[in-house]
Amino acid sequence: MVQAGEGNNTVAEELSVAPTPWEIVQIARHPKRPRVMDFVEGLFGEFTELHGDRLFGDDPAMLAGLALFEELPVAIVGHYKGKDTRENIARNFGMPHPEGYRKALRVMKLAERMRLPVISFVDTPGAYPGIGAEERGQAEAIARNLEEMSRLRTPILVVVVGEGGSGGALAIGVGDVILMCAYAIYSVISPEGCAAILWHDASRAEEAAAALKLTAEDLHRLGVVDEILPEPPGGGHLDPEALISTVRDAVRRHLALLRERPIEELLAARYEKYRRIGQLLEAPGT
Amino acid sequence: MLNWLRRPKYAQVERREVPAGLWSKCPRCKALVYRKELERNLKVCPKCGYHLRLSARERIAVTFDPGSFVEHAADLDSRDILGFVGYQEKLEEAKKRTGNREACIIGEGTIEGFRVVTAVLDFPFLGGSMGTVVGEKIARAAELAMSKGLPLVTFSASGGARMQEGILSLMQLAKTSAAIGRLRDAGLAYISVLCDPTTGGVTASFAYLGDIVMAEPGALIGFAGPRVIEQTIRQKLPEGFQTAEFLLKHGMLDMVVPRTEMRSTLARLLRFFGAPRETRQEAAVP
Ligand SMILES: [Zn+2]
């Protein structure tokens, strides 16, 4: 598992106008990049964290709770990596165990019952690969969230703010509208993992980053992301307030639109959104 | 396309896995087994009970009543959407070698007379990996089951999401899980059979969403692969970790079912679920 590397501080400052996919990977993992807690504190009032999945434990890699967004009560879920090394370790670098996903689901089901919109923040290298995680059903926890989120009877707004690491990211990432910060990434596998499989050489991650099409621009073009949120030149870590403000404006705009739509219409559109990915593939002449 | 049942059932796999001749060597206990006997025993070693892997066509042949299987969506064809290095060649090679267009076969058939819709993953085709077409076929199978009012039975054998289709593969986790959600809302039963090996994105989506989840003895099942876990935690994994028996013990499976009892077990469950039964039963011997 590759964490945000040292020596990245120089990368951003030296960036040309259009960073390469590999440079974007570095920005997305930058140790100074605003974390989910920064967005929660910057966007919401009276954040009230809720703990535990009622089954096994409380996963510090997953934040969940209730809050006010400009007087509107909402539910929040999000991966949390922590701000410094000590916190990173305590939060397991934002890599949840099954109980993290089950806590998030519990709070989302509460939101459904109380008719609160859900806002989900994605920033994780992936679901944690460990013995306990497997014993307690990491795969089942992720699968359950995907199914439940696809038909949760309340609006879901997803913001990919940092790393979107595969199934562990998607497990809180199914929604009506998917927003993505310009220098966030979202991928089926890390560039390092991809390079290790393809070329048996993790050091060729730069090539893999380009091949995987993991930037916001790529995902927007592929129809996976609905809107790209612009970042300050060089990345959000250079001006966190600016990025947080951009995210706040986008959340306000989309929440207003989502809340106007009847839930049945929203659910039909949500299903269709995922259903149509890959419907373009009939063999010629059939 | 539908005449495959008349082809010699095991020719392809036999050629690859064992030396030519009348005898096969069990990969586990190394016993020499008369090939006819191995086939009669559904490719389960009569000496040690080891379950050899089956291709999707073989799986259909040993599971469904002879002549009952009708394939759907056979023309769906994968393309190299992202322009991923080496993917087109890999696809062509897999098509040529397996005689299939993709890593999933869907259709309708009967099991001891009970009518079901099925989706079967084909491990020999790029490790049974799920890209857009595999995801599309799973979704179509769920929708076919709904339109016919039939239960769904899936057989999984997969390394996970297909890396070469990047984020579009990841989105198939959401798509297939959403489709299973609709099946569940429609009140139809879904039985998921996990075969050796089933890992990654397939376990973290439709395969773990069965009303019943069962596995073949000894099957490797998990979200993260054992190598990834070992590298992450830097210790040896316990004996039997991520086997079907391990998952049963940890409450992650309903049952472990030997291949020779699979048909009768499925039929019994289908009867409990009130699956419609074909009135005219065909002879049980091919
Ligand atoms: Zn044996």
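Q: What spacing do the donors of the zinc ion follow along the chain?
A: The zinc donors are spaced C-x2-C-x15-C-x2-C. Keep in mind that this is a predicted model.

Q: Which residues coordinate the zinc ion?
A: B:Cys26, B:Cys29, B:Cys45 and B:Cys48 do, each through SG, at 2.2 to 2.4 Å.

Q: Which parts of chain B does the pair B:Cys26 and B:Cys48 tie together?
A: B:Cys26 sits in the loop between strand 1 (23-25) and strand 2 (32-34), and B:Cys48 in the loop between helix 2 (35-40) and helix 3 (56-63), so the pair links parts 22 residues apart in sequence.

Q: And B:Cys26, buried or exposed?
A: Buried, at 4% relative accessibility. B:Cys48 is partly exposed, at 27%.

Q: What's the geometry of the zinc site?
A: Tetrahedral, with angles of 107 to 113° among the 4 donor atoms. The ideal angle for four tetrahedral donors is 109.5 degrees.

Q: New topic. Where does the cis peptide bond lie?
A: From B:Asp196 to B:Pro197, with omega near -15°. B:Pro197 belongs to strand 7 (residues 190-199) of chain B.

Q: What is the phi of A:Phe93?
A: Positive, about 55°, although A:Phe93 is not a glycine. A:Phe93 lies in the loop between helix 4 (85-90) and helix 5 (98-114) of chain A. Its relative accessibility is 25%, so A:Phe93 counts as partly exposed.

Q: What about the phi of B:Leu126?
A: B:Leu126 has a positive phi of about 45° and is not a glycine either. B:Leu126 is in the loop between strand 5 (114-121) and helix 5 (132-148) of chain B. B:Leu126 is partly exposed, at 21%.

Notes. Residues numbered from 1 in each chain as written. Chains lettered and ligands numbered in written order. Predicted model: local features only at pLDDT ≥ 70, side-chain atom pairs only at ≥ 80, totals over all residues. Heavy atoms only, no water. Donors = N, O, S within 2.8 Å, 3.2 Å for Na, K, Ca; no water. Tetrahedral: all angles 85-135°; square planar, octahedral: opposite > 155°, others 65-115°. Helix = DSSP H or I, 4+ residues; strand = E, 2+ residues; numbered from the N terminus. Buried < 20%, exposed > 50% of the residue type's maximum accessible area, 1.4 Å probe, protein only.
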